[in-house]
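Dear colleague,

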Amino acid sequence: MPWPTKVWPRAELDGRVDRDLLDGSLDHAFAQPESLGTTNAMLIVHRGAIVRERYADGLDAATTHISWSMAKSMLHAIIGILVREGRLDVATAADDPAWRAAG
């Protein structure tokens, strides 16, 4: 998997995915129904490659977005994956020079 990276590879959707259903869901989200609130951007990554990407009018990949609590949820998922893979031990202090200097 290429993450973290500045340039993401792109790929076609897996043939088992119902493209019409997925694209219809994106169309629905970007129609801004009151039940969903405002949708500004959607990025779908599968196996490390972008398979769908869409932005609201006037926005693009370089637009900065406020993530509110989404960032916390994504960070928690990433930490859980790293712990499961044995790449992070939550009982061990982080070895980050910037954190040592701040402490």
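**Findings**

Arginine 52 is found in strand β2, residues 49-55; strands (E, at least two residues) and helices (H or I, at least four) are DSSP runs numbered from the N terminus. This is a predicted model, in which local features need pLDDT of at least 70 and side-chain atom pairs count only at pLDDT 80 or more, while totals for chains, interfaces and linings use all residues. Residues are numbered from 1 along each chain as its sequence is written, and side-chain values use heavy atoms, with hydrogens and water left out.

The side chain of arginine 52 is joined to that of aspartate 23 by a polar contact of 2.8 Å. A polar contact is a pair of N or O atoms within 3.5 Å; within protein, one must be able to donate a hydrogen and the other to accept it, and residues adjacent in sequence count only if both atoms are side-chain atoms. Apart from neighbours within four places in sequence, the residues in contact (heavy atoms within 4.5 Å) with arginine 52 are Leu13, Arg19, Leu22, Asp23, Leu26, Met42, Leu43 and Ile44.

The protein chain has 3 helices and 2 strands, in the order α-β-β-α-α along the sequence. After α2 comes glycine 86, with a positive phi near 75°.

Two residues other than glycine also call for comment. Glutamine 32, in the loop between α1 (19-30) and β1 (41-46), has a positive phi near 60°. Its relative accessible area is 32%, so glutamine 32 is partly exposed; buried means under 20%, exposed over 50%, and partly exposed in between (1.4 Å probe, protein chains only). Tryptophan 68, in the loop between β2 and α2, has a positive phi near 50° and counts as exposed at 70% relative accessibility. Most residues other than glycine have a negative phi.

As to the overall form, the radius of gyration of the protein chain is 18 Å, whereas a compact globule of 103 residues would have one near 13 Å. That radius is taken over C-alpha atoms, and the globule rule is 2.2 Å times the number of residues to the power 0.38. The C-alpha atoms fill a box of roughly 50 × 30 × 25 Å along the principal axes. Of the 103 residues, 14% count as buried.

With kind regards
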